[in-house]
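Hi there,

Here is the structure I promised to send over. Have a look at it first, and then read on for my notes below.

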Amino acid sequence: ADFAMQMQGTSLINYNWADDRVAGHPGEKAVFFYLATHYKRPEAAYLHREHLKLLGDECSVDDVIDYTPIGTEDDLKKLPLVALYNKRNVLVARGSWTDRDASFLGLKGGNVSYHHSHMDLGSFVLELLGVRWAIELGSDSYALPEYFGDKRFTYYRLRNAGHNTLSFDDDNQGRHAAAEIYHTAGDASSGTATMDLTAAYAPSNLTAVRRTFSYELYKGAVTVEDHIDYGKSRAKRVTWTMHTRAQAVTTGVTARLTQDDKHVTVAMDSKLSQCPGAEMAATPLDLKPPQYSTEGIFRLTITATASTCQSIVVRIAATV
């Protein structure tokens, strides 16, 4: 029950890592009523009723059958704002359980070799001002040729290029790579989380790759810091990626994102970064059938010459 609730963003959009997808209809979350009654977790029922309020009159047959009035806002507030699941190496943090404009951050470590996994080590989702800015694309069609076979990691959504993480040239992350999340808490909604991604980028022959997230969710800000030691790697290009549904206007290495009349700035800190000649761009993502449509999705990237780009520090913050 805890895991299911923690995977809901403050926007009540689920954190859809690996082959999960954004829940498409309310019936997919009606299980929260079952969790509330079967496991005596009234906060799960309250959380789902809040979701149904956002949908207006839309509900499912399961909602009607399993409905329960138990649970209050006070029950929901008792849940921790930060949760780390070591077995899956997934971390989620939020500014509030009851403020729909609060911030939410989801981080993904894990193991690429697990069933349904993607090459998403180091990826993240982010909500600020109640809007999801950094998104996961989720699963593609299971009917694609060899989706669970030899062609699995040829499909964009499953490769690290299709996630909010780093890529080196066109190399994939390692098929059997794993990454743990090391978390240091600050106050209730701030802290740092670090992942050693060296094993993930073994195919690129890198000596060390480390990604650290510093979050201050009460301020509506997250900093993503990447440090890279190339050693004897022959990688020519490094790409920092974030997928978004927001409209983006880029100036230098700064992007102003707009969605639902709200704004966020994504900026590479040129003083803290060691990445000369870096360029930022926002391009529409256009995957062709039979892959699922990516209409309305943009790929925000920072690209640079690999050998000279030793650190990338990006701050993502809500703006007026």
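**Helix packing and aromatic contacts**

Helix 2 crosses helix 3 in a left-handed manner. Please keep in mind throughout that this is a predicted model. Helix 2 covers residues 31–38 and helix 3 covers residues 42–55, and their axes lie 7 Å apart at an angle of about 160 degrees. With anything over 145 degrees counting as roughly antiparallel, the two helices are therefore roughly antiparallel to each other. On the helix 2 side, the contact is made by F32, F33, L35 and A36. Helix 3 contributes P42, A44, A45, L47, H48, R49 and L52.

Next, the aromatic residues. A search of the whole structure turned up 10 aromatic pairs. One of them joins Y147 and F148, with ring centres 5.0 Å apart. Their planes meet at 85 degrees, so this pair is edge-to-face. Y147 is buried, at 1% relative accessible area, whereas F148 has a relative accessibility of 39% and counts as partly exposed.

F168 and Y230 also form an edge-to-face pair, with 6.2 Å from centre to centre and 80 degrees between the planes. This pair links distant parts of the chain, as its two residues are 62 residues apart. F168 belongs to strand 7 (residues 166–168), while Y230 sits in the loop between strand 12 (221–229) and strand 13 (237–244). Are these two residues buried or exposed? F168 is buried, with a relative accessible area of 0%, and Y230 also counts as buried, at 8%.

Going back to Y147 and F148, you will find them in one aromatic cluster together with Y142 and Y155.

Two arginines are worth a look as well. R94 has its charged end over the ring of W97, 3.7 Å from the ring centre. The charged end of R88 sits over the ring of F3, at 4.3 Å from its centre.

Lastly, a few notes on H263, which lies in strand 16 (residues 262–268). Which residues does H263 touch, leaving aside those up to four places away in sequence? They are L129, W133, R256, L257, T258, A318, T319 and V320. As for A248, its C-alpha atom is 9.8 Å from that of H263, and the two residues are 15 apart along the chain.

Best wishes

Methods: Residues numbered from 1 in each chain as written. Predicted model: local features only at pLDDT ≥ 70, side-chain atom pairs only at ≥ 80, totals over all residues. Heavy atoms only, no water. Phe/Tyr/Trp six-rings, centres within 6.5 Å; stacked < 30°, edge-to-face > 60°. Buried < 20%, exposed > 50% of the residue type's maximum accessible area, 1.4 Å probe, protein only. Helix = DSSP H or I, 4+ residues; strand = E, 2+ residues; numbered from the N terminus. Lys NZ or Arg CZ within 6 Å of the ring centre and 35° of its normal. Axes fitted to C-alpha atoms, helices over the stretch in contact; angles between N-to-C directions. Parallel < 35°, antiparallel > 145°, perpendicular 65-115°, else oblique. Left-handed = near helix turned anticlockwise from the far one by under 90°. Contact = heavy atoms within 4.5 Å.
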